[in-house]
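Hello,

My notes on it follow below.

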Amino acid sequence: MPQDISKSNEIPVFDILPRHVGFIMDGNGRWAKQRGLPRSEGHKEGAKTFRKIGEYAADIGIKYVTFYAFSTENWKRPEAEVNAIMSLFGDYLNEVIERIGENEEKGIKLKFIGDRRGISPELLNLMNYTEKLTENKNKVTLNIAVNYGGRHELTSAVKNIAEKIKNGELSPENIDENLISDYLYTSGQPDPDLIIRPSGEYRLSNFLTWQSAYSELWFSDILWPDFTTEDFNEALRAFEKRNRRFGGI
Ligand code: IPE
Ligand code: IPE
Ligand code: MG
């Protein structure tokens with residue numbers, strides 16, 4: 001029997017562990033509002049949750065995790081809020097660089113998914129540098145989705161495939177599901193087995209549109225800054241009991 005992990009600091013054991021878990025980090029704004037704080041404070045707290053959950057995922061042995069940090073639609077927000085989110089992102093990357101020694105043990109390989117156009121040159125430099133710095137780590141691949149949209153990702157893939165056909169490097173007969181997957185940011189990674197969305201919203205909001213075709217979904221009313229490793233365990237326990245049929249019987 002798996003032990004009751006909520007009362008101990010031990011790493012729980014799961015019968016079935018998803019290979020890839022996606023997190024839609026939502027509810028930062030409402031968390032701040034509930035406390036009469038500016039929305040940026042919610043994002044700051046949400047960033048702490050992100051660090052904690054990312055490290056915990058590595059500890060329990062999940063090989064791929066994806067955190068939805070900023071969508072292609074989030075540019076609609078006030079400039080000050082967008083800047084606050086980007087600045088927190090920069091803080092995290094600087095911290096990764098400063099504490100690279102600690103990551104030797106954690107083994108986190110960082111990867112950014114999303115359209116890099118539109119990201120400031122300073123941030124882009126940090127993204128490229130941290131990706132390079134962690135490229136040989138192999139305990140967990142931690143994707144951060146920034147300026148990411150599932151439809152945008154598919155549109156870019158279609159454009160790139162069309163370009164190859166035009167140049168004679170590909171022919172329409174070559175197009176199959178594997179080829180399309182290869183043209184996505186997550187190329188080479190397994191599709192998410194489990195997608196977790198807190199904050200009481202029951203939608204995917206353009207997250208991993210192609211890749212989520214057969215993902216198990218887990219929703220909760222908890223706001224992202226309040227999301228704990230116990231909540232994560234609860235989602236993983238629920239996942240253990242799911243019967244995945246993929247259209248079979
Ligand atoms: C964070 O939560 C997700 C991001 C887009 C950065 P929100 O900022 O959407 O929080 P709510 O949904 O307004 O509470
Ligand atoms: C989804 O949250 C995007 C991220 C978590 C980055 P949103 O707050 O943007 O989603 P909607 O607008 O409620 O669907
Ligand atoms: Mg939201």
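In which strand is Asn147 found? Asn147 is found in strand E4. Before going further, please keep in mind that this is a predicted model.

**Strand E4**

Asn147 has a positive phi of about 50°, although it is not a glycine. With a relative accessibility of 7%, Asn147 counts as buried. Strand E4 covers residues 140–148, and Asn143 has its place there too. The relative accessibility of Asn143 is 0%, so Asn143 counts as buried. The side chain of Asn143 makes a polar contact of 2.7 Å with the side chain of Gln189.

Leu208 also has a positive phi, in this case of about 45°, and is not a glycine. Leu208 is located in the loop that runs between strand E5 (194–197) and strand E6 (216–219). Its relative accessible area is 0%, so Leu208 is buried.

**Ligand 1**

There are 13 residues around ligand 1, and those that come nearest are Asp26, Gly29, Arg30, Arg39 and Arg77. By class, this shell is made up of three nonpolar, five polar and five charged residues. Helix H1 (28–34), helix H2 (39–60) and helix H3 (79–98) each supply at least two residues of the shell around ligand 1. H1 has the largest share, with three residues.

- Gly27 has a backbone N or O atom 3.2 Å from an oxygen atom of ligand 1.
- Asn28 has a polar backbone atom 3.1 Å from an oxygen atom of ligand 1.
- Arg30 has an N or O atom in its side chain 2.7 Å from an oxygen atom of ligand 1.

Taken alone, ligand 1 exposes 380 Å², and the protein buries 87% of that area. As for its location, ligand 1 sits in the largest pocket.

**Ligand 2**

Where does ligand 2 sit? Ligand 2 sits in the largest pocket, and the largest pocket is also where ligand 1 sits.

The residues that surround ligand 2 include Ile24, Met25 and Asp26, then Tyr68, Ala69, Phe70 and Ser71, and also Asn74 and Arg77. Arg197, Arg203 and Ser205 are likewise among them. Asp26 and Arg77 are among the residues around ligand 2, and both are also listed with those that come nearest to ligand 1. By class, the shell around ligand 2 has five nonpolar, three polar and four charged residues. Strand E2, residues 64–71, gives the most to this shell, with four residues.

- For Arg203 the distance from a polar side-chain atom to an oxygen atom of ligand 2 is 2.8 Å.
- For Asp26 the distance from a polar side-chain atom to an oxygen atom of ligand 2 is 3.2 Å.
- For Arg197 the distance from a polar side-chain atom to an oxygen atom of ligand 2 is 3.4 Å.

Ligand 2 exposes 390 Å² when taken alone, and the protein buries 79% of that.

**Two further buried residues**

Gly90 lies in helix H3, one of the helices that supply residues to the shell around ligand 1. Is Gly90 buried or exposed? Gly90 counts as buried, because its relative accessibility is 8% and the cut-off for buried is under 20%. Gly90 and Lys111 are 21 residues apart along the chain, and their C-alpha atoms are separated by 14 Å.

Leu170 is found in the loop between helix H6 (150–166) and helix H7 (177–182). Leu170 has a relative accessible area of 14% and is buried. The C-alpha atoms of Leu170 and Phe219 are separated by 41 Å, with the two residues 49 apart along the chain.

Regards

Note on methods: Residues are numbered from 1 along each chain as its sequence is written. Chains are lettered from A and ligands numbered from 1 in the order in which they are written. This is a predicted model: local features need pLDDT of at least 70, side-chain atom pairs count only at pLDDT 80 or more; totals for chains, interfaces and linings use all residues. Side-chain values use heavy atoms; hydrogens and water are left out. A residue is near a molecule or strand if one of its heavy atoms lies within 4 Å of it. A polar contact is a pair of N or O atoms within 3.5 Å; within protein, one must be able to donate a hydrogen and the other to accept it, and residues adjacent in sequence count only if both atoms are side-chain atoms. Accessible areas come from the Shrake-Rupley method with a 1.4 Å probe; for residues, only the protein chains shown count as cover. On a 1 Å grid over the protein atoms alone, a cavity is a set of points where a 1.4 Å probe fits but cannot get out, and a pocket is an open set with protein on both sides within 12 Å along at least five of seven lines; lining residues have an atom within 4 Å of a point. A molecule sits in a cavity or pocket if more than half of its atoms lie within 2 Å of its grid points. Ala, Val, Leu, Ile, Met, Phe, Trp, Tyr, Cys and Pro count as nonpolar, Asp, Glu, Lys and Arg as charged, and the others, Gly among them, as polar. Buried means under 20% relative accessible area, exposed over 50%, partly exposed in between (1.4 Å probe, protein chains only).
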